[in-house]
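Please look over the sequence and the model that follow, and keep both at hand while reading the paragraphs below.

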Amino acid sequence: MERTNWTDIEFILQGLSEYPSAEKLLFVMCSVTYLVILLGNSTLITLTLLDSCLHTPMYFFLGNLSFLDICYTSSYIPTLLIHLLSEKKTISFTRCVVQMSVSFTMASTECVLLAVMAYDRYVAICNPLRYPIIMSRALCIQMASLSWGLGFLNSLTQTILAVRLPFCGKNVINHFVCEILAFIKLACADISLNEITLMLGNVIFLFSPLLLICISYIFILSTVLRINSAEGRKKAFSTCSAHLTVVTVFYGTILFMYMKPKSKDSTFDKLIALFYGVVTPMLNPIIYSLRNTEVHGAMRKLMTRYWFWRKG
């Protein structure tokens with residue numbers, strides 16, 4: 001079969017086309033969720049930049065995570081919202097590749113960044129006296145840069161391998177967005193190399209960081225249990241609870257998608273993937289703000305400054 005030129009290819013994102021009423025409900029839910037994502041994560045970034053009390057490694061990495069979540073969701077949610085209300089659900093080859101590449105970069109980066117944040121918590125609890133020396137500003141910048149760099153390289157590798165494939169007419173992507181596995185399955189060529197590299201990428205960027213996170217928390221738990229006072233143990237656990245909750249939601253959803261039995265009805269699989277892509281970024285700022293006195297204090301100071309500015 002003759003290969004189609006990239007400029008001639010348009011993909012149809014099937015989504016929930018067979019359930020028009022469900023699409024309207026999904027539009028409302030995704031719109032509200034996206035606004036919460038933008039507001040919540042933008043607020044956290046603003047607070048970590050403006051409040052000197054939040055100029056610590058933990059909040060530096062949290063600012064990176066919030067920026068990542070905004071970029072990740074902005075790469076596909078605006079297009080998703082348009083398609084949910086439109087009968088024409090097409091996307092050009094170039095836009096599809098850009099959407100796929102950006103979202104893949106963000107997802108890979110988040111895996112590494114969560115492991116970096118676990119290491120930060122390990123140093124803070126297991127080596128509190130040396131924490132300011134070990135987690136210096138230079139090291140934090142290097143670790144954050146490494147997370148972004150590795151995520152970009154993984155995405156670049158997978159994207160290059162994907163766009164080299166020939167496409168010969170099949171153009172319906174059975175998903176809400178340009179997801180890489182659904183994308184390469186449309187190729188009229190052998191995709192074994194793509195599947196192998198994706199599997200290796202999953203091992204490196206999903207399970208390796210998860211292993212490092214588990215090791216970090218084993219050491220943290222061991223240290224916390226040696227603390228004599230109940231108040232001290234509670235305080236130590238509270239500094240990790242938000243990160244541990246985010247990791248549980250993030251990896252819990254991913255592992256459920258990968259390890260559950262294959263469903264005959266792809267609608268359920270698509271909704272689970274949408275939950276991972278939309279709900280998780282919304283929960284991150286909520287989890288880190290809930291019962292966090294430092295964030296609450298920074299918010300009060302910011303609101304006080306704004307009030308005096310309006311009065312002045």
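By class, how many nonpolar, polar and charged residues does the lining of the largest cavity have? The lining has five nonpolar, four polar and two charged residues, where Ala, Val, Leu, Ile, Met, Phe, Trp, Tyr, Cys and Pro count as nonpolar, Asp, Glu, Lys and Arg as charged, and the others, Gly among them, as polar. This is a predicted model, in which local features need pLDDT of at least 70 and side-chain atom pairs count only at pLDDT 80 or more, while totals for chains, interfaces and linings use all residues. Residues are numbered from 1 along each chain as its sequence is written, and side-chain values use heavy atoms, with hydrogens and water left out.

A cavity is here a set of points, on a 1 Å grid over the protein atoms alone, where a 1.4 Å probe fits but cannot get out, whereas a pocket is an open set with protein on both sides within 12 Å along at least five of seven lines; lining residues have an atom within 4 Å of a point. Grid points are joined across faces, edges and corners, and a volume is the space filled by probe spheres set on the points. By this rule there are four cavities of 30 Å³ or more, and the largest cavity has a volume of about 50 Å³. Its lining consists of Leu13, Gln14, Gly15, Leu16, Glu23, Leu80, His83, Leu84, Lys89, His175 and Phe176, and the largest share, three residues, comes from H3; helices (H or I, at least four residues) and strands (E, at least two) are DSSP runs numbered from the N terminus.

Two of these lining residues, Glu23 and Lys89, also meet through their side chains in a salt bridge (3.2 Å, N to O), a term that requires a side-chain nitrogen of Lys or Arg within 4 Å of a carboxyl oxygen of Asp or Glu. Because Glu23 lies in helix H1 and Lys89 in the loop between helix H3 (77-85) and strand E2 (90-92), the pair ties together parts that are 66 residues apart in sequence. Both Glu23 and Lys89 are buried, which means under 20% relative accessible area, with exposed being over 50% and partly exposed in between (1.4 Å probe, protein chains only).

The whole structure holds two salt bridges, and Arg121 forms one with Asp120, the closest N and O atoms being 3.0 Å apart. Arg121 counts as buried at 7% relative accessibility, and Asp120 counts as buried at 1%.

Helix H4 (residues 93-126) has 34 residues and reaches 50 Å from its first C-alpha to its last, close to the 50 Å expected at 1.5 Å a residue, the expected span being 1.5 Å times one less than the number of residues. Since 25 of the 34 residues of H4 are buried, this helix is largely enclosed by the rest of the structure.

The second largest pocket holds about 750 Å³ of space. Its lining has 20 residues, of which Met58, Ser238, Thr239, Asn292 and Glu294 lie nearest the centre. The elements that give two or more residues to this lining are helix H2 (57-74), helix H9 (230-259), helix H10 (266-289) and helix H11 (293-311), with H9 contributing the largest share, seven residues. By class, the lining of this pocket divides into eight nonpolar, seven polar and five charged residues.
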